[in-house]
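The following questions and answers concern a single structure and are meant to be read alongside it. Please examine the sequence and the coordinates first.

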Number of protein chains: 2
Amino acid sequence: MNVAALAGGVGGAKLADGLAQVLPPGSLTIIVNTGDDFEHLGLHISPDLDTVCYTLAGLANRTTGWGRSDEGWRFLESLEALGGPRWFRLGDRDLALHHERTRRLAAGERLSGITRDLAARMGVLTTVLPMTDDTVRTMVLTDEGELPFQVYFVARACKPPVRGFRFDGAERARPAAGVLEALAGADVIVLCPSNPWVSLDPILALPGLRRAVARGVAVGVSPIIRGQALKGPAAKMFREMGIEPSSRAVAEHYRGLLRGIVIDQEDAAEADGIEAAGTRTLSTRTVMKGRSARRRLAEEVLEFARHLMR
Amino acid sequence: MNVAALAGGVGGAKLADGLAQVLPPGSLTIIVNTGDDFEHLGLHISPDLDTVCYTLAGLANRTTGWGRSDEGWRFLESLEALGGPRWFRLGDRDLALHHERTRRLAAGERLSGITRDLAARMGVLTTVLPMTDDTVRTMVLTDEGELPFQVYFVARACKPPVRGFRFDGAERARPAAGVLEALAGADVIVLCPSNPWVSLDPILALPGLRRAVARGVAVGVSPIIRGQALKGPAAKMFREMGIEPSSRAVAEHYRGLLRGIVIDQEDAAEADGIEAAGTRTLSTRTVMKGRSARRRLAEEVLEFARHLMR
């Protein structure tokens, strides 16, 4: 069974790891949001790609939920003492990945090729693709004006109320080599439990992406449980966009794309409404605590998808 | 008493620290070689400036003789694991200084202004000046061709036999603001025990520098003791340039510039010959182990200079 998964950061990376535990490396492609990418200290930083690669490599920091394990802070501590910018927390180990990516980009290599090689050096066997090698930048439209994603997310801590989103460059960007092929060749497409507005929508904004997903057997996993996101501003964004956050709202958000959606058992009461609106549902435990929980959820998602294919 | 000192890396930094212990901050200016500066991982690295600043700030690593104390290696370890360049050893803390300098240079600031500010943030009260804000690059002419200094020094570990030196850009470079003023206003000019060929010659190659030093009361400290350098390739360079390394050879190297030279007591037998050739000498202990030895040598150097002024 060939599977392609669309993923953003933490939640998406966890399910991607579950899928990687279940599927042979050659049958799984993770397509990752790069709308959060940005330049900082002259470095090209790809937060979602890094979270996915660190998670798949078993190098992710389980305490913080972002960055690397066995991380050190001497660089940042010294940078602060010198009056340098401190708003984006760069660990000593994490910094190496940004440096090496930036060095190779400057030498003319593509992000997708660099990612393939660096992931392999970390021991990741699964194919991890940036959604594009071109520049797409998620802009958050807020009451304080349009903010680049990292400014909104890190520097402003998601405080400014959101009015909309713009994926700058998305219309002109080409999906990275392998993205459309992976979607076309996939028996199942998984939309991981990432933020719909700022993690998966940037991917879906690329030319041909929505169509490729709609043509396949696509299953989503709701990142909203009892009206809340486990992590990040997804629920807050739904609310500020005038939508009550719920699993049903997630299913609605992806209307026309999903055959089925996996929702948390806590939201089982929403299943009938979602099914009535045309999306099949599976209610189960969607919180992934530990590697085995990721594997269990991945197995259930794939079993659900198999069921939908019949 | 106003003092200006020309310094390169480790040995120069130690005497600079000794002078800083003896003199009030406003009376001392350290003029530092930037011919060793280079670009690595997109960062502007100034090894001698950093060694001088770290030493004056009490942040230098006493074990390695270069870099910072309480240093970590997570960055480099992770960079190596990703296949990145490993030939230049960048510590986690040290990296912060290169990043901050590079960020500010890219923003259009001058190296001298950045150095003043960063040194102050490290707690350095003495004036530390890069020799120039322009680009001068020390090239080592070897049997294997002309090598940029860091390639010769670090990557090739000083192995290729030396035939000469070239300070690329020196003729067109302007001494940084304050350099000629400090030399003109100095009661004493100290040539620190740095490598004559690649640490002080680049400074002396700048327009107006030799003249400014020759006009003042200049005292050198020999970096050669019993035909050897305490650290670095100075003795090897003398030999490969066809000169037997000795304190006398150092005095000869600076002919026309020095009123006096401080040589190690181990070389006291050379004093007569050096004096006969026109340079006054002081024989004493020149090896600086610990901060108090730096202070003691600085006091002796200044006392010797006072004596020469009479």
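Q: Does B:Ser199 count as buried or exposed?
A: This is a predicted model, and the assignment rests on relative accessibility. Buried means under 20% relative accessible area. The relative accessibility of B:Ser199 is 8%, so this residue counts as buried.

Q: In which helix of chain B is the place of B:Ser199, and how many residues of that helix are buried?
A: B:Ser199 lies in helix H8 of chain B, which spans residues 196–204. The buried residues of H8(B) include B:Trp197, B:Leu200 and B:Ile203, along with B:Ser199 itself. The helix is mostly covered, and its buried residues number nine of nine.

Q: Which residue caps the N-terminal end of H8(B)?
A: The cap involves a side-chain oxygen and the backbone nitrogen of B:Trp197, 2.8 Å apart. The residue that supplies this oxygen is B:Asn195.

Q: Which residues does B:Ser199 touch, leaving aside those up to four places away in sequence?
A: Contact means heavy atoms within 4.5 Å. With residues up to four places away in sequence not counted, B:Ser199 touches B:Gly8, B:Gly9, B:Asn33, B:Asp48 and B:Ser194.

Q: What rotation superposes chain B on chain A?
A: The superposition has an RMSD of 0.0 Å, with 0.0 Å of shift along the rotation axis. The two copies are thus related as by a two-fold rotation axis. Of the residues of chain B, B:Asp92 has the C-alpha closest to this axis, at 3.0 Å. The rotation is 180°.

Q: Why can the copies be said to meet through the same surface?
A: The contact takes 27 residues from chain B and 27 residues from chain A. The copies meet through the same surface because the share of interface residues of chain B that are also interface residues in chain A is 100%.

Q: What area do chain B and chain A bury between them?
A: Of the buried area, 59% is on carbon and sulfur atoms. In chain B, the residues that lose the most area to chain A are B:Arg74, B:Leu82 and B:His99, together 31% of what that side buries. The area buried between the two chains is about 2,400 Å².

Q: Which element gives the most residues to the side of chain B that touches chain A?
A: Across the interface, the rule finds four salt bridges; B:Asp70 and A:Arg74 form a salt bridge at 2.9 Å, N to O. The elements giving two or more residues to this side of chain B are helices H3 (74–81), H4 (92–106) and H5 (111–121). With eight residues, the element that gives the most is H4(B).

Conventions
Residues are numbered from 1 along each chain as its sequence is written. Chains are lettered from A and ligands numbered from 1 in the order in which they are written. This is a predicted model: local features need pLDDT of at least 70, side-chain atom pairs count only at pLDDT 80 or more; totals for chains, interfaces and linings use all residues. Side-chain values use heavy atoms; hydrogens and water are left out. Copies are superposed by least squares on the C-alpha atoms of residues with pLDDT of at least 70 in both. Helices (H or I, at least four residues) and strands (E, at least two) are DSSP runs, numbered from the N terminus. Buried means under 20% relative accessible area, exposed over 50%, partly exposed in between (1.4 Å probe, protein chains only). A polar contact is a pair of N or O atoms within 3.5 Å; within protein, one must be able to donate a hydrogen and the other to accept it, and residues adjacent in sequence count only if both atoms are side-chain atoms. Buried area is the accessible area (1.4 Å probe) that two parts lose on being put together, summed over both. A salt bridge is a side-chain nitrogen of Lys or Arg within 4 Å of a carboxyl oxygen of Asp or Glu.
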